[in-house]
Each structure stands twice: as C-alpha cells, then as structure tokens.
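Me: I want to check the labels on a structure against the numbers behind them. Can we go through them one at a time?

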Amino acid sequence: MSIALEKSTWTIALVGNPNTGKSTLFGALSGVAQRTGNYPGVTVEKKVGEVVHDGRRWLLVDLPGTYSLAPRSPDEMVTVDVLLGRRDDVPPPDVIVCVAAAGNLWRNLYLASQVLELGRPVVLALTMNDLAEAEGTTVDVRALADRLGIPVVPVQARRGEGLDALKAAVEKAGSVPPPAPPRVFPEEFRREVDDLAATMDGTPRYLVERLLLDPGSYIVEGLELADAERDALRARLVAARARLAEAGFKTPDVETTSRYAWVGRATDGVVRRSDDLAPKLADRLDSVLAHGVLGSLVLVGVLLLTFSAVFTWATVPMDWIDAGFAALGDWVQATLPEGPIRDLIVGGVIAGVGGVVIFLPQIVILIGLLAILEECGYLARAAYLMDRIMSRVGLSGRSFIPLLSSFACAIPGVMATRTIEDRRDRLTTILIAPLMSCSARLPVYTLMIGAFIPARAYLNGWVQLQGLTLLGMYLLGIVVAAAMALILKRSVLRGGTPAFVMELPAYQWPSPVAVVRRMLERGWDFLANAGTIIFAVSIVMWGLLYYPRLSTEELAPLLDRQAQAESALETARSSGDEEATAAAAEAVKDAEAHIAGAQQRQSILGRMGRWIEPAVRPLGWDWRIGAAALASFPAREVVVSTLGVIFDVGEEVEDEGEQRLTQAVQSASWPDGRPLFTIPVALSIMVFFALCAQCVSTLAVMWRETGSWTWPALSFAYMTTLAYIGALLTYQIGTWLLT
Amino acid sequence: MIASMATVEIEDGEEMVPLSLLRAGQSARVGQVVGNIELVHRLREMGLCHGATVCMIRPGSPCIIGLDGQRLGFRCDDLARVLVRVPAKAS
C-alpha cells in the first residue's frame, strides 16, 4: 500500500460502535460542509464531509455505527468495502479513525481489532472519557497506544477538545507506513487463512479470514467467481473449518474468543475500574424510567408534553409565516392585472404552498424534541419498555426505533428496519411503519384541531384538550399498527417472537449542535418538498379547480343577481337605514359566494369530487373534502394546500389574529347553509388521514427495501380500507353521540 | 424447584444457572451461551462471551444487565439461553 504523503486529497473514514459519539465527532470535524446521500443499491446513508487541514483536502466519510465488521447483510458489506477501498464511489481511505467510548473499551476494541487487520493506518479516538471517569473507569492513554501500536487521542467533540490533536495524529498516521496487523488469531487459524489467500489472488486477507469465519456471508457472492470456482471455494472452506474444529478452534466461536483474549491482553493494566459497586446514576434513573409501571407513565407523560409543546410553541412563528404569505398575496393582487395569471399566483401558488409551509415550525419542533430524547439516551429506554408490549404482538423492542422514526417520516423508518435480522419481523415492521403518524400528517391534524377542537386547558395549562386530541390521533395509529402486527404475524408472515438485545447508552446531555443539525436537515427536506412536489400539485389542483370557466350564458343570471344585490345595497346606504344596509351587504356576499361555488362545481375537480361524493357522504364529507383527499394520494401534506386552494377563494381576512385557512374552513358550509365542518367531520378527516397510505415515496421505498410490489400493494390496500372504515365509524358514532 | 431443575453442577463448587435467575445486583461469570448460532455470535460480539462478568441490574423480561460498563436490555427467552456460573448452594 502506498503512502498517502504526496496526495492532495485524503480520504478519512470514521468507524465505531453505536453510541460512541461518532456522529458528533464527524460533525465537529467537518463543520457545516457535509452532504448526505445513499450508496447505490443499498440503503446505507452516505455521509461525507470536507475539511482542509494543512493545505490538504480531507474527505471525511462517516460509516454507520456497528459492533463488528462481520458483514451479514449487503448493508454491512458496504462498511467493509469502503474500508477496504473496494467501492468505486469512495476513494480508498488513507487513514481510518476508529471511534471508541472509554466507558466500555472492551467491546469497542473488539471492533478495533478487526479494523487493525485491514492493514491501513488507524487512529483511535477515545470518546466519553468524562463519563467513564465519573463512573470510576480510567484509561492510561499512553500505555494503550503502546499496546495497540497506533496513536490514541482522547477527544471531547462537543466541547471541541482534542480535535487538533486528533487531526495532527491523522496527518502523522497517513504519512508513515501502516502498522503491521496484530496477530489476533491462533497459529493454526492464521495458517489456514494464509493457505486460502495464496489461492485467491487480489482478495484482501481480511475478506479471506471472513470467508472462513462466516458461513453464509455475502462475501462469496461478491467475489464474481464462476459457478465451478465458487463450489470449489465452498468445499475448501468447509474442509478448512472441519480441520480447525478438529484442532479445537470451532468457527465462528474462535473469532470472539481470540479477539476478546487479544483485547484482554491489550487492556490489562491499562484500564482501571473502581470496585465501587454503588448503583450508578444511570441505574438510579433507570429504576424509574425503565420501571414497568412508573416508566410507562413517564413515557406517556413525555409524549404528551412533547405533542402539547409542538402545539403551543409553534403558534407565534406560524402566525408570522401566515402574515408573510398573506402580505405577499395582497401585494401580487395589487400589482398584477386581473386575469388567470394573477389568480394562479394568488389562488394556486401562494395559497397552496403557503398553506403547507406554515407547518414548518411544528415539524421542526417535533423533530428537535425527538432528537433531544434520542441524544440523551431516553429512546433506548423507551424501546426497552416497549419490548414487553411489542413481544405480545410478535415483534421485539428493536422494531420500536424504526416505528418511532416513522413519526417523523416513514421513509427513514422503513430504512431503519434494516437492523432487524429476521425477514418476517422486518416485513411486519415495514408494513405497519406507515401507520405511525408522520410529520406530513401534522398539518392536517393541526388544521382540523386548531379550527374545531376547543382550546381548553387542564392542570394549570400543562395539558390541553387540543394536545390530547393530537395524542389521540398518534395513539390511534399505534393501536391499529399493533393489531395489524398481530394479524400479520399470525397470517402471511407467520413466525415466533424475535430475540431482543439492545444497548442502553449512558444518559447524557443532548448536544445542541446535533439537535439543531437534525432540525435543519428535516426542515430543509420539508421545504424542498414544498418547493417541488407541493408546488406542482398546487398548480395542477388550481388548474383543475379553475377550468373550465362558467360560460357567459351560465354566468349571466348569476351576475344579474349580484348586480341587483349591489344596487339594493347602494339604495340602502343612501337612505341611511343601517339594518337594511347590513342585510343588503349580506345579500351581496351571498351572491358572490354563489358565483364562486357554481364555478367550483363546474370545474374538473368539482366534477370528480361530485362523482365520488356518494362514497364520501357517509363519512360526513362533501365533494370538496373528497376531492382534497383524492388529490392527496401522491403525498398527504398536499391536502392542506388543496383545501387552501378550494376554500381560500379570495375571502377577506376578517380577524388579524386568526390564520386564513383556519378561518376559511370554519366558515365553509353545505349548500343549505349548515356548517360543513363539525367536530365529527373534523375527526373523521383526521382518522382517515391517520390510517391512509397517502405517500408515493413511502410505497416506493417499501418496494426498494422488499424487492417486490406485493408488500407495498398489500400496505396500500389494507391501509386505505382501514382508513375508510375508520372515518366512517368516527363520523357515524360521533354524530350519534353529539345528537 | 424450577431453579434446581435448570442448574447443571460443574466443578469447583460452582453451578450453571440461567441468567434470568440472578437477583438484582448479583454478578456472575458467563459460562455458556446456547441457541440460534447467529444470535449467539452477535451476543458474543457484544461481549457476552465465556468468562465475561455480567451483573443483573433489573431482573425481569426483558432484563437490564451490566456488562463492561455498558447496559444491555435483553429478553431472556429460548432463542438464546445465557448460562452463568454461580457458587453452588450448599444443600
């Protein structure tokens, strides 16, 4: 391997166990200059950052957290391939930074022993020293570096400590030849690997070792051998494993035994642990937070507060955004000449996009609060608590994190199921993940709750009826998901309850930088979406609602009525009769609304809506709500912009404090004058959106993840059916209860 | 009764019992992990291998165990049985 000294760009790969602060370190090293994407063909997130050090460009690659470099899936193979420089899209790493937490150095060094065998320059970044010391563990850094034969640098990424030393160590490690790989395995095993490697030209020694250790790994397929060669290789592997078992080195046990023995030698006398057996702070916290009853109460409380906060904190910025869009609309209205173009910009683009962008504060706040809960280590406890319940429906607590991610967005949620080994458990989790109320549903909930659920507060304002309703919608998704999991695990995906092992990371204060970064990322995704899909759908929706226009003949009687009402208003005004003036003004408004209504019914969307109206009538919906629901099958957040386009037809803002769309839906009515939206109707809409599979992107990700259209089709069919039944029951029962 | 059925007497006055029988705060060394081969290997990679000291933090199912400074949430069931060595009870 050549020394990287003369190259102008270095590639630095970061690898480490989960919960070691690796991503924080990556963020601290690369600053704002980072990109996220995907490795083609797999769903591993590709995180790349850049930094200039000493006149040289460093390309930082953050690899997913892992306990071991034993590839059991195509995803895990990506990490190994990047580290070995076997991928075309990432240059071979010049230096590997192995991130290890000081608190459980044993397990972290297990991975380090694998990284060292790759034969590249390695620097060990030792994180969380303060936490380890608080718990009575001290690491002799210099002695550890001597034993491992690589630089060891303590870092506190959050406070920026040790970063310069780490960069200097990386610079130095890349400028000298890599250290000789450690002799982890017994002599007999190494000889078998050497013999195999001699017959496999060009295959890195580490992969040969893995071939011997991992039966059924993905490596053989990746070697691009002819069938005969592959069979011959398999036969040789089987024979070699048999010889090793004979000698007392059974695979795969020999790996863990040898590596932990090596780790034991490397840390002997280097790591000191106090024998103080007093319960740690974390355990005292866990005695409440992980307690079956208390912990569950805390979990419900935490979620309740979270969702209440989403509602209360977002009000002010939402009013700003709304006022901004209203002002923009007024300005365009006043500037451009009357005609379809002005109507398109005001009624289509500004009303549509504005109606969705207004929910940005809520989404960002929800993402931020979830990120804080994850960062401080609470989410793992929630998964632990949930295992008891999840195992009842045939899943493990491990499915909880993908499901919880789905509250932000089902796409990362579906992708996060890759950590679930069992195929049936993974498919079940994927199928129920879209039932979790994602942030795109939040706009619908917020609109309906804000407009129709009374703002009552209990317990000194800590708990609010609106927050409770929102929580209810989230709980509905969860309960239905549990029922579906139970059904799926007993029918199409029959199987036992999977195992559950999960690290519960140390409690710590969340890093504000990481939380803000997540909020910005998701917020930006949302805006980008609003700028493209929602923008396009808004325009299409506006067009479908605007054309065809009423013909002159159809318009004439309506205009006559309007003219009559206006002249009556003039007469009333000049006579000075206030009562008559008010009545005449009402008549003018009526006539205008009548024209707008006739135009809408005449439009393409109006016709489609009226065509499906018989089907949505039992849900308490009129054709407008039906059309909006129909239009939101590509992406559910579109419903708000569609409602914005349908209801926000040039109506005046009457009360400055209230948001325009909220006001518009509150005043919407049936042709006979009854208010359109009642509480049962609002709830029925929310239930429909809570359960319906209205997201093309999610279905596409499901297809990519499962490699078949069966699962997305199944998901779409069952969710849409459930949504209709749920909305029907909600409206019918709600109406019956309220009358 | 159940405990005595599940135990296996071994040398040096120690016996092997399932991890789930440890009381809160009790420590023991891992003797053997048996079950699904991939799951067992994963547990061993995480440090739950022969000779490692585990401490029961919260018994139950799932339980919380302490292992080299880390805390693991772990459901004790038939998929992977962790047997630990404890001093044999004088009977």
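What follows is a short exchange about a predicted model.

Me: Why are α29(A) and α31(A) called roughly antiparallel?
Reply: Helix α29 (residues 679–691) of chain A and helix α31 (residues 710–738) of chain A pack at an angle of about 165 degrees. Angles over 145 degrees count as roughly antiparallel. Therefore α29(A) is roughly antiparallel to α31(A). Their axes are 8 Å apart, and the crossing is right-handed.

Me: Which residues make that contact?
Reply: From α29(A), they include A:Ile679, A:Leu683, A:Val687 and A:Leu691. From α31(A), they include A:Met719, A:Leu722, A:Ala723 and A:Leu738.

Me: What is the make-up of the contact of α29(A) with α31(A) by class?
Reply: It has 13 nonpolar, 5 polar and no charged residues. Gly counts as polar. A:Gly726 and A:Gly734 of α31(A) are part of the contact, so they belong to the polar class.

Me: Where does chain A touch chain B, by element?
Reply: 27 residues of chain A are in contact with 23 residues of chain B. On the side of chain A, the elements giving two or more residues are α3, α11, α12, α16 and β12. β12(A) gives the most, with 4 residues. By class, this side has 13 nonpolar, 8 polar and 6 charged residues.

Me: How do you know that β12(A) and β6(B) pair?
Reply: Two strands pair if there are at least two bridges between them. β12(A) and strand β6 (residues 70–74) of chain B have 4 bridges. Therefore they count as paired. The sense is antiparallel. A:Glu503 stands opposite B:Leu72, and the bridge partner of A:Val501 is B:Phe74.

Me: What joins β6(B) to strand β5 (residues 63–67) of chain B?
Reply: 5 bridges do, and the two strands run antiparallel. With at least two bridges needed, β5(B) and β6(B) therefore pair. B:Phe74 is the bridge partner of B:Cys63, as B:Phe74 is for A:Val501. The hairpin of β5(B) and β6(B) has 2 residues between the strands. There, B:Asp68 takes a positive phi near 50 degrees.

Me: What makes β6(B) mostly covered?
Reply: 5 of its 5 residues are buried. The label buried needs 20 or more other C-beta atoms within 10 Å.

Me: What share of chain A is buried?
Reply: Buried residues make up 44% of its 739 residues.

Notes:
Residues are numbered from 1 along each chain as its sequence is written. Chains are lettered from A and ligands numbered from 1 in the order in which they are written. This is a predicted model: local features need pLDDT of at least 70, side-chain atom pairs count only at pLDDT 80 or more; totals for chains, interfaces and linings use all residues. Axes are lines fitted to C-alpha atoms, for helices over the stretch in contact, and angles run from 0 to 180 degrees between N-to-C directions. Angles under 35 degrees count as roughly parallel, over 145 as roughly antiparallel, 65 to 115 as roughly perpendicular and the rest as oblique. A crossing is left-handed if the near helix is turned anticlockwise from the far one by less than a right angle, and right-handed if clockwise. Two residues are in contact if their C-beta atoms, placed from the backbone, lie within 7 Å. A residue is buried if 20 or more other C-beta atoms lie within 10 Å of its own, exposed if 12 or fewer, and partly exposed in between; C-beta atoms are placed from the backbone.
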